[in-house]
Amino acid sequence: MSPLQLYQLVALFLLCIGLYGLIWRRSLVGMLICVELMLNGAGLSIVAACQLTPANAVLGQLGTLLVMGLAAAEATLVLAIVYVVTRRFKTSESIIVSEMKR
Amino acid sequence: MEIIAKIAFWFYTLIVVGGALMAAVEASLVRSLVGLVAAMFGVAGLYMLMDAPFIAFMQVLIYVGGVSVLIFFAIMLTRAAPTGDEAMHRPLRKRINAIFAMLVPALVLSVAIVQHLPKGDALPADVPLTDLGRGLMGPYLLNFELISVVLFVAMAGAVMLAWRQWGKK
């Protein structure tokens, strides 16, 4: 297998294990961790696709940088949401929160 | 790939796989976070191996230095105990759902990767740091500014969300 395929397979593994965990987790923080795993896989896939093919490498690297920035923004917002939900529902378990009433 | 590059690739891949598995299925959220940090370091190593050191350092700075601290704060704020709701029993349907959610993209995309991906270069492209800087200040200036606006709005929104007294009159 070529290096490009191997890198993409690692990225695919990160996506799949993130999806598995996203369904499997019961708490909001655990779900956030799995989303971060998937975003890591996305960045790895983008960089592999731009570094190992004749595509524009600058565009790929900067795109990954933007993905990281968005991940940081998303983590900040999720932190605030988890804080509010925990204060309001006294738990961060997604089953209880998804009933949308206290 | 040279032999050392192969060894390094499998070493980093081992770290990524182990860390990701730990992050996804570990019952204690703190251990899960440790697994996430390990997986992020492994991905940073893979970036290094792909001759993208700038992205690797950004990965360490933003993810390992920033996002993991945020997640750690979230764990502390929710007072997640190791014997809490993550450790409780789950119905069989949930396990089946999770496995299907994993298997469908895994099958489709792995077939696509193995059979239809172009061969690719053996050596990664060499991008000097000045090119990245010129890209950020030149053709991708708008994206660069927009991401700062998005970050600012997210931070301000987070502060406002946490500051407001929800549910209290």
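Helix α1(B) is made of 23 residues, and from its first C-alpha to its last it reaches 33 Å, close to the 33 Å expected at 1.5 Å a residue. The expected span of a helix is 1.5 Å times one less than its number of residues. Helices here are DSSP runs of H or I with at least four residues, numbered from the N terminus. This is a predicted model, in which local features need pLDDT of at least 70 and side-chain atom pairs count only at pLDDT 80 or more, while totals for chains, interfaces and linings use all residues. Residues are numbered from 1 along each chain as its sequence is written, and chains are lettered from A and ligands numbered from 1 in the order in which they are written.

The buried residues in α1(B) include Y12(B), T13(B), V16(B) and G19(B), and also A20(B), A23(B) and A24(B). A residue is buried if 20 or more other C-beta atoms lie within 10 Å of its own, exposed if 12 or fewer, and partly exposed in between, with C-beta atoms placed from the backbone. Their cover includes α1 and α2 of chain A, together with α2 of chain B.

How do α1(A) and α1(B) cross? Their axes come within 9 Å and cross at roughly 10 degrees. Axes are lines fitted to C-alpha atoms, for helices over the stretch in contact, and angles run from 0 to 180 degrees between N-to-C directions. The crossing angle makes α1(A) roughly parallel to α1(B); angles under 35 degrees count as roughly parallel, over 145 as roughly antiparallel, 65 to 115 as roughly perpendicular and the rest as oblique. Among the residues that meet are F13(A), I17(A) and W24(A) in α1(A) and F9(B), V16(B) and A20(B) in α1(B). Two residues are in contact if their C-beta atoms, placed from the backbone, lie within 7 Å. The contact of α1(A) with α1(B) has 15 nonpolar, two polar and no charged residues. Ala, Val, Leu, Ile, Met, Phe, Trp, Tyr, Cys and Pro count as nonpolar, Asp, Glu, Lys and Arg as charged, and the others, Gly among them, as polar.

Helix α2 of chain A (residues 28–51) should span 34 Å with its 24 residues, and its end C-alpha atoms are 35 Å apart, which agrees. Of those 24 residues, 21 are buried, so α2(A) is mostly covered.

The axis of α2(A) comes within 10 Å of that of helix α3 (residues 53–78) of chain B, and the two cross at roughly 170 degrees. That makes α2(A) roughly antiparallel to α3(B). Residues making this contact include V29(A), E36(A) and V47(A) of α2(A) and I55(B), I71(B) and T78(B) of α3(B). By class they divide into nine nonpolar, one polar and one charged.

Within chain B, A44(B) lies in helix α2 (residues 29–49). A44(B) counts as buried because it has 26 C-beta neighbours inside 10 Å. Leaving aside neighbours within four places in sequence, A44(B) is in contact with A56(B), Q59(B) and V60(B).

Taken as a whole, the contact uses 63 residues from chain A and 77 residues from chain B. On the side of chain A that touches chain B, α1 (3–24), α2 and α3 (57–89) each supply at least two residues. The most come from α3(A), with 24 residues.
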